[in-house]
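Subject: Structure for you to look at

Hello,

I am passing on a structure that you have not worked with before. Please open it first; my notes on what was found follow below.

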Amino acid sequence: MEKKEIQDELAEENKRLDEMMEIERLRALEQYEQRELDRQFKQVEGANIIKTQINDNEQRRILEDEKREQEKLAMLRYLEKLQREDITQLEKEEKIARRRSCRRRQGKRGNQEAEG
């Protein structure tokens, strides 16, 4: 009987050790799964951050392009205005030059008539 009790106790101890090992295995598996979930979450989070940065950069680039285009248009308008002012000034100077030329001719005619 004593041998049977020892065998029963050994079997009971082995069963207890098997249960402890199974509990430890399950705990290790749970930790691994949690680490894997954390890794996946960080990976998705990192991808989202990169997408956000790409979108932000794209929006910034679009705004900068629009700003440059507006500045370009403003400069073109300004240059056209200067060109119109130059043309107006040239036309005024041309009119003045024609008047002077006309007056000179009239003055010469008057002198020729007075002489003649």
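Arg 61 and Asp 65 form a salt bridge, with 2.6 Å between the closest N and O atoms; the term stands for a side-chain nitrogen of Lys or Arg within 4 Å of a carboxyl oxygen of Asp or Glu. This is a predicted model, in which local features need pLDDT of at least 70 and side-chain atom pairs count only at pLDDT 80 or more, while totals for chains, interfaces and linings use all residues. Residues are numbered from 1 along each chain as its sequence is written, and side-chain values use heavy atoms, without hydrogens and water.

Arg 61 and Asp 65 are about one helical turn apart because four residues separate them in helix H1 (helices are DSSP runs of H or I, at least four residues, numbered from the N terminus). Arg 61 is partly exposed at 38% relative accessible area (partly exposed lies between buried, under 20%, and exposed, over 50%, with a 1.4 Å probe and protein chains only). Asp 65 is also partly exposed, at 30%. Through shared partners, salt bridges join Glu 58, Arg 61, Asp 65 and Arg 68 into one network.

The whole structure has 10 salt bridges. Among them is the one between Glu 22 and Arg 25, at 2.7 Å between the closest N and O atoms. Glu 22 and Arg 25 sit three residues apart in helix H1, so about one helical turn separates them. Arg 16 and Glu 13 also meet in a salt bridge, at 2.6 Å from N to O, and both lie in helix H1.

Regards

Conventions. Helix = DSSP H or I, 4+ residues; strand = E, 2+ residues; numbered from the N terminus.
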